[in-house]
Amino acid sequence: MYDVYSPDPLMPRIHLVVSEPDRARYAAAAHREGLTLSAWLRAAAADRLDRRADAEPFRTEDDVWRFFADRDAETDCGTEPEWEQHLAVMRASRKRGATGT
């Protein structure tokens, strides 16, 4: 299914060069979803942009701290134990495996 014209005369047109096998795959996927090839390609591009929206590189140190704060808020697992607490857990684990001789 092909768009032979843009649905809105004010919409710009883009010329896209793809191999015939890819065109056939894209057209079949569009048909399965009940979309024109043009609409399917626009949706695919929008999906890709949405997925990459959070993948912007860090520009400042604040960006890095904000990223980790956001991840902490998403997981809601509290704060990480202090290093001394980690060491105490490791020491206790080693003692449990010791023979005591």
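A: Of the 101 residues of the protein chain, 7% count as buried. Buried means under 20% relative accessible area, exposed means over 50%, and partly exposed lies in between (1.4 Å probe, protein chains only). This is a predicted model, in which local features need pLDDT of at least 70 and side-chain atom pairs count only at pLDDT 80 or more, while totals for chains, interfaces and linings use all residues. Residues are numbered from 1 along each chain as its sequence is written, and side-chain values use heavy atoms, with hydrogens and water left out.

Q: What elements make up the protein chain, and how are they defined?
A: The protein chain has 4 helices and 0 strands, and its order from the N terminus on is α-α-α-α. Helices (H or I, at least four residues) and strands (E, at least two) are DSSP runs, numbered from the N terminus.

Q: Which residues of α1 are buried, and why are they said to line one face?
A: The buried residues are Ala27, Ala29 and Ala30. Seen down the axis of α1, they fall within an arc of 160 degrees, so they line one face of the helix. The arc is taken from the directions that run from the helix axis to the C-beta atoms.

Q: What do the buried residues of α1 pack against, and which residues are exposed on the other side?
A: The buried residues of α1 pack against α2 (37-52). On the other side of α1, the exposed residues are Pro21, Arg25, His31 and Arg32.

Q: What follows α1?
A: Gly34 follows α1, and its phi is positive, near 70 degrees.

Q: Why is the pair Arg23 and Glu20 called a salt bridge?
A: A salt bridge is a side-chain nitrogen of Lys or Arg within 4 Å of a carboxyl oxygen of Asp or Glu. Being 3 residues apart in helix α1, Arg23 and Glu20 are separated by about one helical turn. An α-helix has 3.6 residues a turn, so residues three or four places apart point the same way.

Q: How many salt bridges does the structure hold, and which one lies in helix α3?
A: The structure holds 3 salt bridges. In helix α3, Arg66 and Asp63 are 3 residues apart, about one helical turn, and their side chains meet at 3.0 Å, N to O. Another salt bridge joins Arg25 and Asp22, with the closest N and O atoms 2.9 Å apart.

Q: What makes Phe58, Phe67 and Phe68 a nonpolar patch?
A: Patches are made of residues with over 30% relative accessible area and no salt bridge; like charges are joined within 9 Å, and nonpolar side chains (Val, Leu, Ile, Met, Phe, Trp, Tyr) within 5 Å. Phe58, Phe67 and Phe68 form such a patch on the surface, with about 290 Å² of accessible area together. Accessible areas come from the Shrake-Rupley method with a 1.4 Å probe; for residues, only the protein chains shown count as cover. Phe68 lies in helix α3 (residues 61-75), and at 46% relative accessibility it counts as partly exposed.

Key. Contact means heavy atoms within 4.5 Å.
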